[in-house]
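Work through the exercises below with the structure open. Try each task before reading its solution.

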Amino acid sequence: MAPLLAITRREFAAYFATPLASVFLCIFLALAGALTFFIGNFFERGRADLQAFFSFHPWLYLFLIPAIAMRLWAEERRSGSIELLLTLPVSTAEAVIGKFLAAWGFVAVALVLTCPIWITVTYLGTPDHGVIIASYLGSWLMAGAFLAVGQAVSATTKNQVIAFVLAAAVCFVFTLAGTPIVLSAFASWAPPAVLEAISSLSFLARFQSITRGVIDLGDVIYFASTIGVFLVATVAIVDYKKAD
Amino acid sequence: MTAMIALTGLTKQFGQIHAVADVSFTVAKGEVLGFLGPNGAGKSTTMKMLAGFLTPSAGKASVCGFDVVDQPIAAKQRLGYLPEGAPAYPDMTARAFLNFIAAVRGITGSERTRRIGWAIERTQLTAVLDQPIDTLSKGFKRRVGLAQAVLHDPPVLILDEPTDGLDPNQKHEVRGLIQDIAAEKAIIISTHILEEVEAVCSRAIIIARGRVLADATPDALVAQDPDHGAVSLTVAADVADQAIEALATLPGVAHAHINRQGPRSKIVVRAEGDRPIADTVRQFASAAPWQAADFATEYGRLDQVFRHITRDVA
């Protein structure tokens, strides 16, 4: 446990050691605000809720989460520090989970910094705080799933740009799994059961049901197991490719 | 003599290429093993397998009795490893980096302060402690890597080119550090600097094309130089050919050749077998009109032996 926490602390601090943290946080907050007010018509809707805010999270995550996940392993590989890390007395799983927790914690910081919008809506009306808390948790869970995907992709390459583009592409497929954009690629040849399975993988549908205030155990399990599956995949990829 | 590092038939294949082929040896406490070989000989690959970074294709390796594949954590706890090129986290300061290593290794509290203080002092990092590692010179980066490797006072040290990029003073300090801690540890260092082997190593292994070609003390290796035990002298350059011809005919002399050109040529006279020829050569040469001087016995040179051993396979 001590090595895992040491890795988490180091990785978390690493975000703040470079301009990455400040750039990411500024862009995330600016975009989240802009989308909420200008495209989401936060005021015009005249409703005391944060639907307009949360509905854009999947799209923000689509390109912002790969940006914080891309360095997790690609950078270790490029600088050679992966050899140092994996010859310390830590298991690959500890290293993978430690890095994941650091990145997930960083996303939590970004989400906490959006609380002014919660304060605003509370000041303007009487929102359902339960729904908002559920939405925040759902958003954080979904971010974890994006991160786990991004980390697995990062482990396959030493090039951070490739890691970013690939992770964004994979996340795009997951986000839109239930929509015609993705399904039409399978519709002509795959049996209905497969289509059903693919559409059930959709981040978007799961997240939308959470933001309506319904925390369905199935949705939570879905995101948690997506995180779990991709963490296991990352361990396997790191072990298999660590010396390449 | 207990073996703290043991390799048995260790092999690593990359596709069709045997980077390391059936390497076996042991290193006991108190030994400093110099690992020599041309570039691409398999030195780093062997060290990476010992450190648990590469998985062997065949064979076994253990650190303090713990198999590096079956009990990797136990083996790594007892191992200090300086990877090739001394990688570190470039954004961290040296201080933060050493604190991270200590935390991962479970060194806490006053023990951490004491161990980091010791490592910093021995690797002379005090001046750069609060600078990010990527702003440090090559020599300092190497020393950060060394400090990291010795931080937990491991019984086994594996150092891949520990003095690469250091200036002569720093090399001297690092060798001093290795000698000071050697008695309690089993140490493997790889190097291209052959004088380093003679300075710090109690044993040397020469490897090429993944195979161990020699395993002996540096003295025993040097003794393989054909010039080992030969007599050398200098004569004026214009009489060198004449001197060689005359010296070669002396009883007990197998061979004489010019070793160095210049205003005075250095001539090396090899004996047949172990016959003592020093006095004969000296008397003969002194009596001859060559202004012979600088009589000495040659010990041989490790670089000659290294080239001789690795020439045919490299």
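## Exercise 1: a residue in a strand

Leu7(B) is part of strand β1 of chain B, which covers residues 3-14. The model is a predicted one.

**Task.** Decide whether Leu7(B) is buried or exposed, and find which residues Leu7(B) is in contact with beyond its neighbours within four places in sequence.

**Solution.** 
1. Start with the relative accessible area of Leu7(B), which is 3%. Buried means under 20%. Leu7(B) is therefore buried.
2. Set aside the neighbours within four places in sequence. The contacts of Leu7(B) are then Val23(B), Ser24(B), Phe25(B), Thr46(B), Leu50(B), Lys60(B) and Ala61(B).
3. Take Ala61(B) from that list. Leu7(B) and Ala61(B) are 54 residues apart along the chain, yet 4.4 Å separates their C-alpha atoms.

## Exercise 2: chain B as a whole

**Task.** Describe chain B by its helices and strands, its box, its buried share and its contacts.

**Solution.** 
1. Count the elements: chain B has 11 helices and 14 strands.
2. Take the box along the principal axes. The C-alpha atoms of chain B fill roughly 75 × 45 × 35 Å.
3. Turn to burial. Chain B has 314 residues, and 53% of them count as buried.
4. Chain B has an accessible surface of about 14,000 Å², and carbon and sulfur atoms account for 49% of that.
5. Sort the contacts in chain B between residues at least 6 apart in sequence. Of these, 68% join residues at least 24 apart.

## Exercise 3: two helix pairs

**Task.** How are α4(B) and α5(B) oriented to each other, and how are α4(A) and α10(A)?

**Solution.** 
1. Know what to look for. Two packed helices are described by the angle between their axes and the distance between the axes.
2. Begin in chain B. Helix α4 (residues 109-123) and helix α5 (residues 138-150) pack at about 140°, with axes 9 Å apart.
3. Classify the pair. Over 145 degrees would count as roughly antiparallel. α4(B) and α5(B) are therefore oblique. Their crossing is right-handed.
4. List the contact. α4(B) brings Arg115(B), Trp118(B), Ala119(B) and Thr123(B), while α5(B) brings Arg143(B), Leu146(B), Ala147(B) and Val150(B). Five of these residues are nonpolar, one is polar and two are charged.
5. Move to chain A. α4(A) and α10(A) pack at about 150°, with axes 8 Å apart. They are therefore roughly antiparallel. This crossing is right-handed.
6. List that contact. Pro58(A), Leu62(A), Phe63(A), Pro66(A) and Ala67(A) of α4(A) meet Phe164(A), Ala167(A), Ala168(A), Cys171(A), Phe172(A) and Thr175(A) of α10(A). Here 10 residues are nonpolar, one is polar and none is charged.

## Exercise 4: a helix and its end residue

**Task.** Why is α13(A) described as largely enclosed by the rest of the structure, and what is Thr211(A) in contact with?

**Solution.** 
1. Count burial in α13(A). Seven of its nine residues are buried, so the helix is largely enclosed.
2. Name the buried residues: Phe203(A), Leu204(A), Arg206(A), Phe207(A), Ser209(A), Ile210(A) and Thr211(A).
3. Find their partners in chain A. The buried residues of α13(A) pack against α3, α4, α9, α10, α12 and α14.
4. Focus on Thr211(A), within helix α13 (residues 203-211). Its relative accessibility is 8%, so Thr211(A) counts as buried.
5. Leave aside neighbours within four places in sequence. Thr211(A) is then in contact with Gln51(A), Phe54(A), Val131(A) and Ser135(A).

Note on methods
Residues numbered from 1 in each chain as written. Chains lettered and ligands numbered in written order. Predicted model: local features only at pLDDT ≥ 70, side-chain atom pairs only at ≥ 80, totals over all residues. Heavy atoms only, no water. Helix = DSSP H or I, 4+ residues; strand = E, 2+ residues; numbered from the N terminus. Buried < 20%, exposed > 50% of the residue type's maximum accessible area, 1.4 Å probe, protein only. Contact = heavy atoms within 4.5 Å. Axes fitted to C-alpha atoms, helices over the stretch in contact; angles between N-to-C directions. Parallel < 35°, antiparallel > 145°, perpendicular 65-115°, else oblique. Left-handed = near helix turned anticlockwise from the far one by under 90°. Nonpolar A, V, L, I, M, F, W, Y, C, P; charged D, E, K, R; others polar. Areas by Shrake-Rupley, 256 points an atom, 1.4 Å probe, with all protein chains shown as cover.
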